[in-house]
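Me: I would like a close look at one part of this model. Please keep to the packing of helices.

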Amino acid sequence: MKRSILVSILIVLGLLLMPTLAAAEETLSPEALEIAGSLNCPVCEGLSVRDSNSQLSQDMRAQIQRMLDEGKTRQEVFDYFVERYGIGILREPPKEGFVLTLWWGPVIGLAVGVLVLATFIVQRRARRERPDRESSASDDADDLRAYEERLRRELDRMDAPAP
């Protein structure tokens with residue numbers, strides 16, 4: 001019984017250490033790691049090629065290192081992956097063309113929202129500070145008196161004996 005528990009623990013520890021051992025086998029230059037950190041993993045949503053443990057990311061890291069060893073520049077490596085996977089492979093796409101709209105759209109939307117809110121507040125404040133407030137108060141009092149008078153007439157008519 002104890003022996004099977006010990007074997008189970010050793011198997012679990014071995015499985016947990018396998019990704020670490022695989023990552024230790026990969027020797028990448030700091031520049032390759034930086035480039036891998038700037039690329040999205042095509043398989044893992046939200047992870048960079050540097051952070052992903054998928055087979056494709058491992059192959060991409062090795063490709064990056066090979067290209068750098070061949071003397072390719074950083075931009076040539078990015079161009080290679082953009083040509084192969086599209087602009088979505090870049091974690092921070094270039095700020096040009098339609099992508100520029102995506103960068104500035106939220107800023108413009110926020111500015112328009114602030115402008116609309118400021119206009120609403122200014123108009124509301126102007127309505128409150130009108131000089132004809134006193135006349136509207138007297139109009140309200142007149143309306144109230146007329147309503148009370150009409151209510152009294154209706155009550156009197158209801159209380160009157162039927163003919």
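Me: At what angle do the axes of helix 2 and helix 3 cross, and within what distance do they come?

Reply: This is a predicted model, in which local features need pLDDT of at least 70, side-chain atom pairs count only at pLDDT 80 or more, and totals for chains, interfaces and linings use all residues. Residues are numbered from 1 along each chain as its sequence is written, and side-chain values use heavy atoms, with hydrogens and water left out.

The axes of helix 2 (residues 30-37) and helix 3 (residues 55-69) cross at roughly 130° and come within 9 Å. Helices here are DSSP runs of H or I with at least four residues, numbered from the N terminus. Axes are lines fitted to C-alpha atoms over the stretch in contact, and angles run from 0 to 180 degrees between N-to-C directions. Helix 2 is therefore oblique to helix 3 (under 35 degrees is roughly parallel, over 145 roughly antiparallel, 65 to 115 roughly perpendicular, the rest oblique). The crossing is right-handed, that is, the near helix is turned clockwise from the far one by less than a right angle.

Helix 2 makes the contact through Glu31, Ala32, Ile35 and Ala36, and helix 3 through Arg61, Ile64, Gln65 and Leu68; contact means heavy atoms within 4.5 Å. These residues divide into 5 nonpolar, 1 polar and 2 charged.

Helix 2 also packs with helix 4 (residues 74-85), at an angle of about 40° and with the axes 11 Å apart. This crossing is right-handed. Glu31, Glu34 and Ile35 of helix 2 meet Arg74, Val77 and Phe78 of helix 4 in this contact.

Notes: Helix = DSSP H or I, 4+ residues; strand = E, 2+ residues; numbered from the N terminus. Nonpolar A, V, L, I, M, F, W, Y, C, P; charged D, E, K, R; others polar.
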